Amino acid sequence: MKKVILSADGPMAVYLVPDQVAENLEEYCGEFRHWMWKNPNGRKLLKQWYDGTWIACFDERDFIRYLNDWVFPEQPSRLVEQLGSCLEEPPEEYRDYPQFNF
């Protein structure tokens, strides 16, 4: 398990995820976004906008639930630490960790 930094235009958080996720973070985040639109289990994250178009409403916690429920249930990911705003630099000790902002 390795640490990554995730956010969704809000506070950043450090999560412990399977090595494969940390080493291919952008790929797994892309697969998650695809899953929301194509898999019936991901549809709960879609909302109909006022004009009838559909939008995805999710954050990094939904990504972690996706990993834990559907991709790596045998290696559950978990929150390690909450950090500051995604507009700030992460603390020095976390600067080399893979990062993704949804």
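## Close-up views of a predicted model

**View 1. Tyrosine 15 faces leucine 79.** Leucine 79, in strand S5, is the bridge partner of tyrosine 15. The model is predicted: local features need pLDDT of at least 70, side-chain atom pairs count only at pLDDT 80 or more, and totals for chains, interfaces and linings use all residues. Residues are numbered from 1 along each chain as its sequence is written, and side-chain values use heavy atoms, with hydrogens and water left out. Strands (E, at least two residues) and helices (H or I, at least four) are DSSP runs, numbered from the N terminus. Strand S5 covers residues 78-85 and pairs with S2 in the antiparallel sense, over five bridges. Two strands pair if DSSP finds at least two bridges between them.

**View 2. S1 and S2 form a hairpin.** S1 and S2 run antiparallel and are joined by five bridges. Isoleucine 5 stands opposite valine 14 of S2. Three residues lie between the two strands of this hairpin. Aspartate 9 sits in that loop, between S1 and S2. Its phi is near 55°, a positive value in a residue other than glycine. Is aspartate 9 buried or exposed? Aspartate 9 is exposed, with a relative accessible area of 62%. Here, buried means under 20% relative accessible area, exposed means over 50%, and partly exposed lies in between (1.4 Å probe, protein chains only). S2 is mostly covered, with six of its seven residues buried.

**View 3. Serine 7 sits in strand S1.** Serine 7 is part of strand S1. At 4% relative accessibility, serine 7 counts as buried. What does serine 7 touch, not counting residues up to four places away in sequence? The list is Met12, Glu60, Cys86, Phe100, Asn101 and Phe102. Contact means heavy atoms within 4.5 Å.

View 4. H2 spans residues 25-38, which makes 14 residues. From its first C-alpha to its last, H2 reaches 20 Å, close to the 20 Å expected at 1.5 Å a residue. That expected span is 1.5 Å times one less than the number of residues. Which residues of H2 are buried? They are Leu25, Tyr28, Cys29, Phe32, Trp35 and Met36. Seen down the axis of H2, these buried residues fall within an arc of 115°, so they line one face of the helix. The arc is taken from the directions from the helix axis to the C-beta atoms. Turned away from this buried side is a face that carries the exposed residues Glu26 and Lys38. The cover over the buried residues of H2 includes strand S1 (2-7), helix H1 (19-23) and helix H3 (60-71). It also includes strands S3 (46-48), S4 (54-56) and S6 (99-101).

**View 5. Nonpolar residues gather in cores.** In soluble globular proteins, nonpolar side chains tend to be buried together. A nonpolar core is a set of buried Ala, Val, Leu, Ile, Met, Phe, Trp, Tyr and Cys residues joined through side-chain atoms within 4.5 Å. The largest such core here has 21 residues. Leu6, Val17, Val21, Leu25, Phe32, Phe63 and Leu67 have the most contacts inside this core. S1, S2 (11-17), H1, H2 and H3 each supply at least two of its residues. H2 gives the most, with six residues. Valine 21 is in contact with Tyr28, Phe63, Leu67 and Phe72, leaving aside neighbours within four places in sequence. A second, separate core has five residues, including Ile5, Met12, Leu83 and Tyr94.

**View 6. Alanine 22 is buried in H1.** Alanine 22 lies in helix H1. Its relative accessible area is 8%, so alanine 22 is buried. Beyond residues up to four places away in sequence, alanine 22 touches Lys2, Val4, Val17 and Pro98. Alanine 22 and valine 80 are 58 residues apart along the chain, and their C-alpha atoms are separated by 14 Å.

**View 7. Serine 77 lies in a loop.** Serine 77 is found between H3 and S5. It counts as buried, at 6% relative accessibility. Not counting residues up to four places away in sequence, serine 77 touches Met1, Leu16, Val17, Pro18, Ile64, Leu67 and Asn68.

View 8. Cysteine 29 is buried, with a relative accessible area of 0%. Cysteine 57 is partly exposed, at 34%. A disulfide is counted as a pair of cysteine sulfur atoms within 2.5 Å. How many disulfides does this rule give? The count comes to zero.
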